[in-house]
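Here is a short tour of one protein model, written for someone who is new to reading structures. Have a look at the picture, then come back to the text.

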Amino acid sequence: MIKTYATEIERGKKYFYRPGVYVILPIGRQILLTFQADPHNEFQLPGGGVDAGEQPITALYREVMEETGWIIGRPKKIGAFRRFVYMPEYNMRAEKLCHIYLAKPILKKSEPTEADHTAVFVDIDVAYQILAVDGDAYFLKKFVKGAY
């Protein structure tokens, strides 16, 4: 069974299924996060939704480039979790199936192209505390802590 985090289920409301891909990108003792300003104002693992007809790995590369401007290499899936959320930018509720990957940041190619996103390097010990999504923090603790 897949663990559920950050559940905000409202009875009687329709939730749309939305698969997503997200990635842990460590460099030394830091991790590359994205800060999404309006409407969330929160730190997140880079990633996002898999569009209809899109392969998950293709979506992962696209989302990381859009949100951070970085090219990544060697993504490896390490797990998944579910969350039920309201997405104000789409005016919809979603049941997100979040697939989590671990990869290497290879090259900064540009600034983020997605509006209101900023790429930020954060100390791993701080990242646990500031990540907005509990599932993201769980996988960061589980798969990065043993590397140091």
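Two strands count as paired if DSSP finds at least two bridges between them. Keep that in mind, and also that what you're looking at is a predicted model.

**Strands 6 and 7**

Let's start with strand 6, which covers residues 70–87, and strand 7, which covers 92–108. The two run antiparallel, with 15 bridges joining them.

Asn91 is not a glycine, yet its phi is positive. Is Asn91 buried or exposed? It counts as exposed because its relative accessibility is 61%, and the cut-off for exposed is over 50%.

Arg74 is another residue with a positive phi, about 55 degrees, although it isn't a glycine. Arg74 sits in strand 6, whereas Asn91 sits in the loop between strand 6 and strand 7. With a relative accessibility of 72%, Arg74 counts as exposed.

Now move to strand 3, residues 30–36, which is mostly covered: 5 of its 7 residues are buried.

| Strand pair | Bridges | Sense |
|---|---|---|
| Strand 2 and strand 3 | 2 bridges | antiparallel |
| Strand 3 and strand 4 | 3 bridges | antiparallel |
| Strand 3 and strand 8 | 7 bridges | antiparallel |
| Strand 6 and strand 7 | 15 bridges | antiparallel |

Ile27 stands opposite Gln30 in strand 3. Phe35 stands opposite Phe43 in strand 4, and Thr34 stands opposite Ala119 in strand 8.

Strand 3 and strand 4 form a hairpin with 5 residues between the strands, where Asn41 takes a positive phi near 55 degrees.

Gln44 lies in strand 4. Why does Gln44 count as buried? Because its relative accessibility is 11%, and buried means under 20%. The side chain of Gln44 makes a polar contact of 3.0 Å with the side chain of Gln36, and another of 2.9 Å with that of Glu42. Leaving aside residues up to four places away in sequence, Gln44 touches Leu33, Thr34, Gln36 and Leu131.

What kinds of residues make up the lining? They divide into 14 nonpolar, 8 polar and 15 charged. Strand 6 gives the most to this lining, with 5 residues. Among the other elements that each supply at least two residues are strand 1 (16–24), strand 5 (47–49) and helix 1 (56–68).

**Helix 3**

Helix 3 spans residues 134–144, and its buried residues include Gly135, Phe139, Leu140 and Val144. What do the buried residues of helix 3 pack against? The list is strand 1, strand 3, strand 6, strand 7 and helix 2, which covers 124–130.

**A contact across the chain**

Finally, look for Thr113 in the loop between strand 7 and strand 8. At 58% relative accessibility, Thr113 counts as exposed. Thr113 and Met65 are 48 residues apart along the chain, and their C-alpha atoms are separated by 7.6 Å. Not counting residues up to four places away in sequence, Thr113 touches Met65 and Glu66.

Technical notes. Residues numbered from 1 in each chain as written. Predicted model: local features only at pLDDT ≥ 70, side-chain atom pairs only at ≥ 80, totals over all residues. Heavy atoms only, no water. Helix = DSSP H or I, 4+ residues; strand = E, 2+ residues; numbered from the N terminus. Buried < 20%, exposed > 50% of the residue type's maximum accessible area, 1.4 Å probe, protein only. Nonpolar A, V, L, I, M, F, W, Y, C, P; charged D, E, K, R; others polar. Polar contact = N/O pair within 3.5 Å; in protein donor to acceptor, adjacent residues only side chain to side chain. Contact = heavy atoms within 4.5 Å.
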